[in-house]
Amino acid sequence: MKKILPLFLFFVFLFSGCGLNVEKVDNSVVTTTQKETNVTSEITETSSSETEETFTELTTDKESTTKSEVTPKPETTTKTKKPETTTQKQNTCTFVIECKTILNNMDSLKSNKKEFLPADGVILKKTTVTFEEGETVFDVLKRICKENNIQMESSYTPGYDNYYIEGINQIYEKDCGTKSGWMYCVNGTFPNYGCSDYKLKNGDEVEWRYTCDLGSDIGDNSF
């Protein structure tokens, strides 16, 4: 009996040790499995992290590319050239209006016209005026009289398609004799046509003069 008891205890100890080893092995396996699981989890997390980084980079690149494509081009302003202004040469001429011949024929002047006769016989002193291309002596006479508050009356003759000057400064034709009236000369010459037909040229010198003898007393001998 004494021999059997130690043997029994040996087997009990043996089996108890085996169970411990198995338990330890199982624990080792579990631990190893846990480690592998942790490693797998880390790998999964690393892969997930790398995937997220790659996705983020791709998304950033796409956004950058999209922004680069969408970025509007800077607006270019086209400078408009100012139209070149060409300064046209101004045409000028001079005008004089006088009735000096009446001073030598006062006995023939109507009494109601004496108040309109200037002392020196000059109604408008030599004045320089500008005019447009194509304007006539009549056009400028009408304008200059208006600007200087000088009365002027004219009549239109359809047959000649012309204007005739009847009176200036209230002094009319035949106010100083039957042969009296207004005449004009340009550059010292008396044109043989009406004042509305004469187109002015740059530098012309125009004189309106009152005659008491059909022009012979002022230098025109055409009559």
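Okay, let's start just after helix H2, where Asn149 takes a positive phi of about 55°. Helices and strands here are DSSP runs, H or I of at least four residues for helices and E of at least two for strands, numbered from the N terminus.

Before I go on, this is a predicted model, where local features need pLDDT of at least 70 and side-chain atom pairs count only at pLDDT 80 or more, while totals for chains, interfaces and linings use all residues. Residues are numbered from 1 along each chain as its sequence is written, and side-chain values use heavy atoms, with hydrogens and water left out.

So, the overall picture. The protein chain has 2 helices and 7 strands, and along the sequence they follow the pattern α-β-β-α-β-β-β-β-β. Of its 223 residues, 27% are buried, and buried means under 20% relative accessible area, exposed over 50%, partly exposed in between, with a 1.4 Å probe and protein chains only. If you take contacts (heavy atoms within 4.5 Å) between residues at least 6 apart in sequence, 64% of them join residues at least 24 apart.

Back to H2. Which residues of H2 are buried? They are Val137, Phe138, Val140, Leu141, Ile144 and Cys145. These residues are on the same side of H2, because they cover an arc of only 165° around the axis; that arc is taken from the directions from the helix axis to the C-beta atoms. The general point is that an α-helix has 3.6 residues a turn, so residues three or four places apart point the same way. On the other side of H2, Lys146 and Glu147 are exposed. As for what covers the buried residues, the list includes strand E1 (91-98), strand E2 (122-131), E3, E4, strand E6 (181-186) and strand E7 (205-211).

Now the sheet. It's an open one, with 3 strands in the order E3-E4-E5 and antiparallel pairing; two strands count as paired if DSSP finds at least two bridges between them. At the edges are E3 (152-157) and E5 (171-172), each pairing on one side only. H2, residues 137-147, packs on this sheet and touches E3 and E4, and its direction makes about 150° with that of E3. For that angle, axes are lines fitted to C-alpha atoms, for helices over the stretch in contact, and angles run from 0 to 180 degrees between N-to-C directions.

E3 is joined to E4 (residues 162-168) by 6 bridges. Met152 has Ile168 as its bridge partner in E4, and Glu153 has Gly167. The two strands form a hairpin with 4 residues between them, and Asp161 in the turn has a positive phi of about 50°. On to E5: 2 bridges join E4 to E5, with Gly167 partnered by Tyr172. That hairpin has 2 residues between the strands, and Asn169 takes a positive phi near 60°.

Is Asn162 buried or exposed? It counts as buried, because its relative accessibility is 7%. Leaving aside neighbours within four places in sequence, Asn162 contacts Ser155, Tyr156, Thr157, Gly194, Cys195, Ser196 and Asp197.

Last, the cysteines. How many disulfides are there? With a disulfide taken as a pair of cysteine sulfur atoms within 2.5 Å, the count is 0. Cys176 has its nearest cysteine sulfur, that of Cys212, 3.7 Å away. Cys176 is buried, at 2% relative accessible area, and Cys185 is also buried, at 2%.
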